[in-house]
Amino acid sequence: MKKQYLEIGKIVSLHGLNGTCKVQPWCDDPQFLCEFDTLYRGKQHTPMTVTNARVQKNMVLMNFEGVTTPEQAEALRGTVLFMNREDVELDDDTYFIQDLLGAAVVDADDGHEYGKLTDVLQTGANDVYTVKTAEGKELLVPVIPDVVLNVDLDAERITIRPLKGLFDDAD
């Protein structure tokens, strides 16, 4: 089941004297964090209205409605911020990593299951899926069109066709 709220960053410190929070983004691009009008705080997903957001280096400086002093911003330090998935429309072939985790990774030709997806490594050139086999071995699968043929989130299934030699001891 897809989670309604996804972790997107964490308030790590304050910035200046007007209640600005410095947020460490947990997404591919810090600019993505600046696109939200509302973020949600903590496990209760308390809504927080964003009044201003801008990228500074690899962090986001963010102001929230009602947070106007350094003391108020400091009180939010360590707060995990969530986004509501309904606030975002993803392009085709773009997925939230949290939705991919746990999916079965299966062979396109014979249908056997390699294992479950446990992590997505973001290497810059292309992502790499980490797949844990039933025996506990980790396989690394490059996320390129020649290898990853289909991602079916509803069925929690990823279909791949490994390149020759990708898995050293395969066949």
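**Exercise 1.** Leaving aside neighbours within four places in sequence, which residues is Thr79 in contact with? Say also where Thr79 lies and whether Thr79 is buried or exposed.

*Solution.* The model used here and in the other exercises is predicted.
- Step 1: Thr79 sits in the loop that runs between helix 2 (70-75) and strand 6.
- Step 2: list its partners. Once neighbours within four places are set aside, Thr79 has contacts with Gly9, Lys10, Ile11, Arg41 and Gly42.
- Step 3: judge the burial. The relative accessible area of Thr79 is 13%, and buried means under 20%. Thr79 is therefore buried.

**Exercise 2.** Find the place of Ser13, list what Ser13 touches, and decide whether Ser13 is buried or exposed.

*Solution.* 
- Step 1: Ser13 belongs to strand 1.
- Step 2: not counting residues up to four places away in sequence, Ser13 touches Thr20, Cys21, Lys22 and Arg77.
- Step 3: the relative accessibility of Ser13 is 15%, so Ser13 counts as buried.

**Exercise 3.** Describe the largest nonpolar core and the elements that supply its residues.

*Solution.* 
- Step 1: the largest nonpolar core has 21 residues.
- Step 2: Leu39, Met62, Phe64, Leu81 and Met83 have the most contacts inside this core.
- Step 3: at least two residues of the core come from each of strand 1 (5-15), strand 2 (20-25), strand 4 (46-56), strand 5 (59-64) and strand 6 (80-84).
- Step 4: take Leu81 as an example. Not counting residues up to four places away in sequence, Leu81 touches Leu6, Glu7, Ile8, Gly9, Ile11, Val23, Leu39, Tyr40, Met48, Met62 and Phe64.
- Step 5: another core lies apart from the largest one; this other core has 16 residues, among them Ala103, Val105, Val120 and Val151.

**Exercise 4.** Where is Thr94, and what separation do the C-alpha atoms of Thr94 and Val151 have?

*Solution.* 
- Step 1: Thr94 is in the loop between strand 6 and helix 3 (97-100).
- Step 2: Thr94 counts as partly exposed because its relative accessibility is 36%.
- Step 3: Thr94 and Val151 are 57 residues apart along the chain, and 9.9 Å separates their C-alpha atoms. Val151 is one of the residues of the 16-residue core.

**Exercise 5.** Describe the chain as a whole: its secondary structure, dimensions, burial and charges.

*Solution.* 
- Step 1: the chain has 3 helices and 12 strands.
- Step 2: the C-alpha trace spans about 65 × 30 × 30 Å along its principal axes. The radius of gyration is 20 Å, whereas a compact globule of 171 residues would have one near 16 Å.
- Step 3: buried residues make up 36% of the 171 residues.
- Step 4: there are 16 positive and 30 negative side chains, with the centres of the two sets 7 Å apart.

Technical notes: Residues numbered from 1 in each chain as written. Predicted model: local features only at pLDDT ≥ 70, side-chain atom pairs only at ≥ 80, totals over all residues. Heavy atoms only, no water. Helix = DSSP H or I, 4+ residues; strand = E, 2+ residues; numbered from the N terminus. Rg over C-alpha atoms; globule rule 2.2 N^0.38 Å. Buried < 20%, exposed > 50% of the residue type's maximum accessible area, 1.4 Å probe, protein only. Lys, Arg positive; Asp, Glu negative; His and termini not counted. Charge placed at Lys NZ, Arg CZ, Asp CG, Glu CD. Core = buried A, V, L, I, M, F, W, Y, C linked by side-chain atoms within 4.5 Å. Contact = heavy atoms within 4.5 Å.
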